[in-house]
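Here are a few friendly notes to read alongside the structure. Take the points one at a time and find each residue as you go.

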Amino acid sequence: MVQLEVILTALGLLLQPYTLTVMLAAAVFGLFVGSMPGLTATMATALLVPVTFFMEPVPAIAAIVTASAMAIFAGDIPGALLRIPGTPASAAYTDEAYAMTRKGEAEMALGAGVTTSVYGGLFGSAALMFAAPPLAELALKFSSYEYFWLSMLGLACALLVSPGSPVKGAISLLFGLLLATIGIDPMTGFSRFTFGYVQLLGGLSLVPVLVGMYAVAEILRYATTIDAPATLPQKKIGNIFAGQWRMLWKYRWPVMRGNITGTLIGALPGAGADVAAWISYATAKRFSKEPEKFGTGHVEGIAEAGAANNSALGGAYIPATVFGIPGDSITAIVIGVLYMKGMNPGPTIFIRNPELIYAVFLSFFLANLLMLPLGWTAIKASKQILSVPRHTLMPIILMFCLVGSFAIDNVLFAVTVMLIMGIAGFLMEENGIPIAPCVLALVLGPLIENNFITSMMKAEGHLLPFFERPIAGALGVITILVWLTPLALWLWRRSRWRAAAGA
């Protein structure tokens, strides 16, 4: 059990005036980025990293938590009003929300988005608060064998949940693993793929890669695309909270199902809020008593999926804090910030820095409570927010990207890495190759390699010890089954097709 003194100390750290001011500023920033079509919550997080470099640990992580939660919700605003999802997590129910707006029910659609986001966010925060410490106690029993299999399982999950073609997801994953090998070989001490650049001996810095693949790639996409300016179909928005309690009670079970689904999917490495939203929307339609209303402007799907995408944020922090394995691309960035602040993720974080990590957990609750008044304000100001010209916004974002990448290590080489990875990210997405598996492989690659080498040295080159410990054996079997599942399904479909063709 968590000691009351630790919670009170953590609460005192969180309620410092400076921390609260930082969270408020991060909330406004997250709402702005999330409500701008094409700018993602991951991008908001990546852009915040250079700013957090100069902060103490609690305000730094609290700022990222707040900005990402606000950005995930704010993506609903342009989705409902313009049929343009602000973030990938909002894409699942954009058509449904826009159909409600066309019927004159924008208040209900946007109100459902903000209330279920708060509800889901608080549920995910509670799950994180109570699930992480017991898992940390279990993780203290882990050796290099368990960490190796857990990291491999993370890669497998990242591949399975990646959108689009599994082959393209695998290409992204392998590209990320290739990037992870740059630097000094931990076994021999020789340099790999450095091409004579001393700056690459320590490997690729995570922040320039992330900023490049998410922010710069989006800027390049804007520069190569000409879209007609969208107009708001509903000029005035009334009371968004009217009828929300009745809606929450009517759809209490779908919303609770969305909370649970989002938290569980968020805890899967590589999944994240967008996957949680798509699955929850599909589940809502499958189990609804009124499935024929879906697609015509029905609030039930918005309620379940809206709860799922914000509860997934809390769930993603469970593997990130306990095992150092990112649940999504946002926590991949957070892990880097935790290391930067001396809060090394892993089970010992609950022993060495309990008050700091619990202050981070409590910041989830505060951030989601802030969403009610600030979300209402953002919706009311949506006309002004959505009218910011993209040709004004994109150069400002590029400037922040350049300054931020340079500030991490104070070297111009980081800017070069950012630009190269921006081009790579742009080319990947233009060809339907997802970025998330690449980012997760870049984070997990060193963890897999180091634990594999350590385990092989302890096992004297034999593979059997990888399965001898109970937890390691179970994780190993599960991982192998997950990797073999796509092949088994392909063979099964092929045999059925041959049987049908023969008949």
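1. Which helices do the buried residues of H1 pack against? They pack against helix H2 (17-35), helix H4 (57-74) and helix H17 (354-380). Please keep in mind throughout that this is a predicted model.

2. Stay with helix H1, which covers residues 4-14. Its buried residues are Val6, Ala10 and Leu14. Looking down the axis of H1, you would see these buried residues fall within an arc of 70°, so they line one face of the helix.

3. Next, have a look at a pair of helices. In general, two packed helices are described by the angle between their axes and the distance between the axes. Helix H3 (residues 41-52) packs with helix H15 (residues 329-340) at an angle of about 10°, and their axes are 9 Å apart. That angle makes H3 roughly parallel to H15, because angles under 35 degrees count as roughly parallel. On the H3 side, the contact is made by Ala41, Thr42, Thr45, Ala46, Val49 and Thr52. H15 brings Ser329, Ile330, Ile333, Val337 and Met340 to the contact. Sorted by class, the contact of H3 with H15 has seven nonpolar residues, four polar ones and no charged ones.

4. How many salt bridges does the count come to? The count comes to six. One of them joins the side chains of Arg257 and Glu304, at 2.8 Å from N to O. This pair links distant parts of the chain: Arg257 lies in helix H12 (residues 252-266) and Glu304 in helix H14 (residues 299-323), 47 residues apart. Arg257 counts as partly exposed, at 25% relative accessibility, whereas Glu304 is buried, with a relative accessible area of 0%.

5. Another salt bridge brings together the side chains of Lys293 and Glu290, at 3.0 Å from N to O. Are these two buried or partly exposed? Lys293 is partly exposed, with a relative accessible area of 35%, and Glu290 also counts as partly exposed, at 22% relative accessibility. Elsewhere, salt bridges that share partners join Asp185, Arg192 and Glu449 into one network.

6. Asp185 counts as buried at 16% relative accessibility, and Arg192 counts as buried at 17%. Both values fall on the buried side because buried means under 20% relative accessible area.

7. Finally, check the backbone at two phenylalanines, Phe193 and Phe195. Where are they placed? Phe193 is in the loop between strand S2 (191-192) and helix H10 (206-223), and Phe195 is found in the loop between S2 and H10 too. Phe193 counts as partly exposed, at 44% relative accessibility, while Phe195 is exposed, with a relative accessible area of 68%.

Technical notes:
Residues are numbered from 1 along each chain as its sequence is written. This is a predicted model: local features need pLDDT of at least 70, side-chain atom pairs count only at pLDDT 80 or more; totals for chains, interfaces and linings use all residues. Side-chain values use heavy atoms; hydrogens and water are left out. Axes are lines fitted to C-alpha atoms, for helices over the stretch in contact, and angles run from 0 to 180 degrees between N-to-C directions. Helices (H or I, at least four residues) and strands (E, at least two) are DSSP runs, numbered from the N terminus. Angles under 35 degrees count as roughly parallel, over 145 as roughly antiparallel, 65 to 115 as roughly perpendicular and the rest as oblique. Contact means heavy atoms within 4.5 Å. Ala, Val, Leu, Ile, Met, Phe, Trp, Tyr, Cys and Pro count as nonpolar, Asp, Glu, Lys and Arg as charged, and the others, Gly among them, as polar. Buried means under 20% relative accessible area, exposed over 50%, partly exposed in between (1.4 Å probe, protein chains only). The arc is that of the directions from the helix axis to the C-beta atoms. A salt bridge is a side-chain nitrogen of Lys or Arg within 4 Å of a carboxyl oxygen of Asp or Glu.
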